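Please read this briefing with the sequence and the structure side by side.

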Amino acid sequence: MINRRVAVPLAGILAGSSVLLVNPAAASSQALSAPPQAPPGTLAPASQTPPQPPRAEKKPVAEGYGGAVSTVDLDASKAALEVLRRGGNAVDAAVAAAATLGVTEPYSAGLAGGGFIVYYDARRKKVHTIDGRETAPKAMTSTSLEGIPFEEAVTSGLSAGVPGSVAQWELALRRFGTLSLRQALRPAIEVASKGFTVDKTFHDQTAANAARFKDFTSTARLYLPGGAPPAVGSTFRNPELAETYRTLGRRGGDWLYRGPLGAEIVATVKKPPVTPGSTRNVRPGLMETSDLRAYRALERPPTKMTYKGMDVYGMEPPSSGGTTVGEALNILEALPEVGQHEYLEASRLAFADRGKYVGDIPGVPVRELLSDGFAKERACLIGERAMPHPAAPGTPDGTYGPCPATPSARTTEAAPEGPETTHLVVTDRWGNVVAYNITIESTGGNGIVVPGRGFLLNNEMTDFTFGPAPGDPNLPGPGKRPRSSMAPTIVLSDGKPLLALGSPGGSTIITTVLQILVNRWDLGMSLPEALAAPRATQRNTAQTQAEQAYLDRYGAELTGRGHSLVLNPEIGAATAVEFLSRGRLQAVAEPTRRGGGSALVVSERR
């Protein structure tokens with residue numbers, strides 16, 4: 001019988017691991033004793049770095065058995081794989097990978113962020129989701145962000161939401177895992193202590209944020225050692241984060257939500273450590289320790305729709321990923337054929353409905369947004385040419401008929417979105433599957449490191465609509481969760497896992513996931529081909545953003561059909577795993593986007 005619980009004692013599972021705890025008793029006297037502390041952001045030149053074994057290279061595709069993982073980062077993928085090989089399950093491995101990404105991908109993930117988990121429980125044959133989205137402080141109102149320039153809001157205490165990741169990790173491990181939080185954090189502690197090799201992506205993201213990082217003493221000290229971004233090929237260590245993880249493992253989430261770490265976060269939000277002489281206008285935040293005490297990660301029912309006989313599961317609001325991907329797929333299924341034009345138009349319509357109806361509010365019409373009747377009514381608007389801009393939202397009221405009139409609707413242009421956020425997928429030997437989006441919002445969050453703790457704060461409050469926008473479902477409010485585009489997705493066929501995938505990229509997450517599914521199912525690509533193919537993103541905007549290779553391949557045809565296309569150099573950075581025949585797994589990551597990802601399997605042979 002499949003069981004998410006490991007049958008042998010935990011000490012036996014982890015014995016011999018250089019990463020995980022040998023046993024809980026040893027942790028207090030050995031593993032959790034702090035190593036000699038080096039300055040945060042320590043960089044060791046090659047001449048001073050102790051000899052290390054040759055570093056394995058990232059591989060975007062891996063096939064095999066016994067479990068698989070795909071992330072954007074080799075260290076995170078290796079952390080998850082080690083957990084799987086030592087007997088942990090997919091949830092254990094996903095938390096270990098997410099915490100490790102907080103070390104190696106700190107501008108996209110971290111313990112002060114949040115995210116969404118979609119989990120398939122193989123024993124119960126059921127899909128669950130866990131909402132770890134950040135919340136607004138109780139003092140935030142619908143007008144708190146009005147009139148503030150976006151760039152000024154990003155780099156501020158005002159943009160920081162109440163963190164959800166730690167509560168989400170604890171809930172996931174308690175409900176579905178086999179390890180404690182203390183044990184799941186061990187791989188991340190080791191990477192933070194020993195360091196990781198700086199790649200071009202880490203260097204470039206640091207350089208892109210250098211102007212604002214230097215305006216905070218704690219951030220500059222950690223990520224701009226010597227006043228400059230770390231060099232590619234150097235070893236970067238974060239001993240303060242390692243110690244933070246150690247204490248978090250020992251004291252649990254209450255240390256953040258009801259204890260000193262939370263108090264330090266609030267103090268940093270309310271009085272950011274601005275570098276003396278900085279001219280940046282850094283607004284203080286509204287967060288209080290009472291907001292931390294009130295936070296809860298939530299189990300929610302997944303969204304579900306059926307596409308060509310396959311069941312597609314995602315996140316319900318406050319994420320818009322599940323409803324928007326699902327609605328677009330339903331629209332496509334109602335069409336006689338599917339190509340690039342149809343993909344763009346279905347996405348346009350689904351985004352029109354997303355903007356009108358989806359947010360952290362009561363009464364989001366999830367069932368009707370995902371209904372076949374609504375999809376058919378929307379699909380009849382798609383003709384041979386691009387529809388007039390902007391597409392108006394439909395009326396998901398349960399009464400559907402012929403094509404309605406097409407009044408215009410107000411919309412705003414979407415700026416090109418970068419690689420914000422990160423996504424990972426894990427499956428284990430029992431067939432459990434995790435698709436997990438984790439984020440601190442913008443690349444680099446709000447730019448503020450909590451002094452002495454080694455992690456950046458999020459800027460999730462900028463995901464709210466700034467207003468004034470009467471009736472907008474995504475206006476801020478006390479305790480409200482900002483609408484998200486994160487779309488971790490699991491697909492079942494005949495009740496068994498077939499595919500799991502997701503991506504970073506702001507609102508382009510939705511179109512990236514949708515396009516990969518279209519590539520795989522409608523255009524006949526393999527999963528590696530579907531991820532590597534050039535991308536375009538239409539989010540009910542006048543112009544469709546597209547990568548250069550997409551413009552080269554489809555630009556003339558689509559322009560001839562009334563589409564206006566503009567360059568977006570890079571869209572998304574997906575990770576996925578597909579279940580092949582006879583138990584074989586195919587883990588897939590990006591071959592080049594965001595520096596390429598890392599796909600691993602437990603064993604290449606049975």
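Two strands pair if DSSP finds at least two bridges between them. The model shown here is predicted. Its protein chain has 21 helices and 19 strands, and buried residues make up 63% of its 606 residues. Of the contacts in the chain with a separation of 6 or more, 74% are between residues 24 or more positions apart.

**A three-stranded sheet**

- Three strands make an open sheet with mixed pairing, in the order E14-E15-E16.
- Strand E14 (536–537) and strand E16 (565–567) are at the edges; each has a single partner strand, so one side of each has no neighbour in the sheet.
- Strand E15 (residues 544–546) pairs with E14 in the antiparallel sense, over two bridges.
- Thr537 has Gln545 in E15 as its bridge partner.

**Strands E2 and E19**

- Strand E2 (residues 61–71) and E19 run antiparallel and are joined by five bridges.
- One of the residues bridged to E19 is Thr71, whose partner there is Ser598.
- Strand E19 (residues 598–603) is mostly covered, with five of its six residues buried.

In a regular strand, side chains alternate between the two faces of the sheet.

- Helix H8 spans residues 186–194, and its buried residues are Arg186, Pro187, Ala188, Ile189, Val191 and Ala192.
- An α-helix has 3.6 residues a turn, so residues three or four places apart point the same way.
- After H8 comes Gly195, which has a positive phi, near 100 degrees.
- Phe196 belongs to strand E5 (residues 196–197).
- Is Phe196 buried or exposed? Its relative accessible area is 5%, so Phe196 is buried, the cut-off being under 20%.
- Beyond its neighbours within four places in sequence, Phe196 contacts Asp75, Val103, Thr104, Val191, Phe202, Ser234, Thr235 and Phe236.
- Val191, one of these contacts of Phe196, is also one of the buried residues of H8.
- Phe196 and Gly233 lie 37 residues apart in sequence, and their C-alpha atoms are 9.2 Å apart in space.

**Ser159 in its loop**

- Ser159 sits in the loop that runs between helix H5 (150–154) and helix H6 (165–176).
- With a relative accessible area of 2%, Ser159 is buried, because buried means under 20%.
- What does the side chain of Ser159 reach at 3.0 Å? The backbone oxygen of Val154 is reached at that distance.
- Not counting residues up to four places away in sequence, Ser159 touches Ala153, Val154, Asn446, Asn458, Asn459, Glu460, Met461 and Thr462.

**Cavities**

- Rolling a probe the size of a water molecule over the atoms shows where empty space is left.
- How many cavities of 30 Å³ or more does a search of the whole structure find? The search finds three.
- The largest cavity holds about 60 Å³ of space.
- Its lining has 13 residues, and those nearest the centre are Gly314, Gly321, Gly322, Val325 and Thr489.
- Strand E8 (303–307), strand E9 (310–314) and helix H15 (321–333) are the elements that each give two or more residues to this lining.
- H15 gives the most, with four residues.
- Sorted by class, the lining of the largest cavity has seven nonpolar and six polar residues, and no charged ones.

Key:
Residues numbered from 1 in each chain as written. Predicted model: local features only at pLDDT ≥ 70, side-chain atom pairs only at ≥ 80, totals over all residues. Heavy atoms only, no water. Buried < 20%, exposed > 50% of the residue type's maximum accessible area, 1.4 Å probe, protein only. Contact = heavy atoms within 4.5 Å. Polar contact = N/O pair within 3.5 Å; in protein donor to acceptor, adjacent residues only side chain to side chain. 1 Å grid on protein atoms, 1.4 Å probe; cavity = no way out; pocket = protein on both sides within 12 Å on 5 of 7 lines; lining within 4 Å. Points joined across faces, edges and corners; volume = space filled by probe spheres on them. Nonpolar A, V, L, I, M, F, W, Y, C, P; charged D, E, K, R; others polar.
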